Amino acid sequence: MKIFSVIVTYNGRKWYDKCIGSLLESSVPVTPIVVDNASSDGAVDYIRSKFPTAVVIPSEENLGFAKANNIGIRYAIDHGADYVFLLNQDAWVENDTVEKLVGSFEKHENIGVACPINLNAAKTAMDYKSVTDMPNDYLSDLYLGNAKDVYDVRFFCAASWMISADCIRKVGGFDTSLFKHYGEDNNYCQRVKYHGMRVVVNTQCTMCHDREFRKGYENEYRNKNFKQNDTSRRIEFGDITSNINIDAFIISTCKSIKKAYLKLKFSKVKRLKSELAFFEMVKKSRDANVKGGMVWL
């Protein structure tokens, strides 16, 4: 069995030892693949020197989360991966995390993505964002002492995802047409479910995500990014599990553009053309994701 772990790095040197080091201490062998997004902290040289068994793929520009992960995923699949474990640079795992996540696929049917419980860096609480992603029945079962080993979830943050090679071949990589940073993991979960596979949390294993210290400005940055890049709208319209008729939106917008031209409302024409470009981009995304396969990789 071959397991690769993809870590996208960007000026995160204070975490590299814990992140990559935890993978090398795993109870099952893991080959780290580091895709560096043009860090200025000497990441490439440091990782190559400190972790010679890691595959390091440097980029001359910041490609964002989606595209950089796709590069690592493609490398893993091309080199015979059975599983690909995505891990944030500011996260680390226990020595049995990877093994137990793989066990999820072996014990249960139709799993495409398996995630561990996300803790904060100090292990004093669950990660403040992932708490809201946990299913209600888990909290009830936990209280009653009947917690199951895996729970299906609608969405879970991609800070630590174990993806089977079968899922990647069926679903593809992250959608780089609609997303660059934020939203791509929502979209991927939607696509996994569309193609008949499950996203689950394995309650028998954990990871640590070191981001409590940036809670305030991370929320501010995330909310600003969502607004500027219309991320929430991209997630909604890109959802291939929904029955949104994108062709109808395109036809309606084209008609509105013609009417605006006739009435010489050129500022409205400009706005509607931008709207049309958005719908055409969404159509391209949805068509590709419905077809599936190794799309975006």
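The model is predicted, so local features need pLDDT of at least 70 and side-chain atom pairs pLDDT 80 or more, while totals for chains, interfaces and linings use all residues. Residues are numbered from 1 along each chain as its sequence is written, and side-chain values use heavy atoms, leaving out hydrogens and water.

**Exercise 1.** Work out what span is expected for helix α3 (residues 64-78), and find what its buried residues pack against.

*Solution.* 
1. Helices (H or I, at least four residues) and strands (E, at least two) are DSSP runs, numbered from the N terminus.
2. The expected span is 1.5 Å times one less than the number of residues. With 15 residues, α3 is expected to span 21 Å, close to the 22 Å it reaches from first C-alpha to last.
3. Next, pick out the buried residues (under 20% relative accessible area, with exposed over 50% and partly exposed in between; 1.4 Å probe, protein chains only). Among them are Phe65, Asn69, Ile73 and Ile77.
4. The buried residues of α3 pack against strands β1, β2 and β4 and helices α6 and α7.
5. Just past the end of α3, Gly80 has a positive phi of about 85 degrees.

**Exercise 2.** Locate Lys283 and Asp287 and describe their salt bridge.

*Solution.* 
1. A salt bridge needs a side-chain nitrogen of Lys or Arg within 4 Å of a carboxyl oxygen of Asp or Glu.
2. For Lys283 and Asp287, the closest N and O atoms are 3.4 Å apart.
3. Both residues sit in helix α11, four residues apart, about one turn.
4. Lys283 is partly exposed at 28%, and Asp287 is partly exposed at 44%.

Conventions
Contact means heavy atoms within 4.5 Å.
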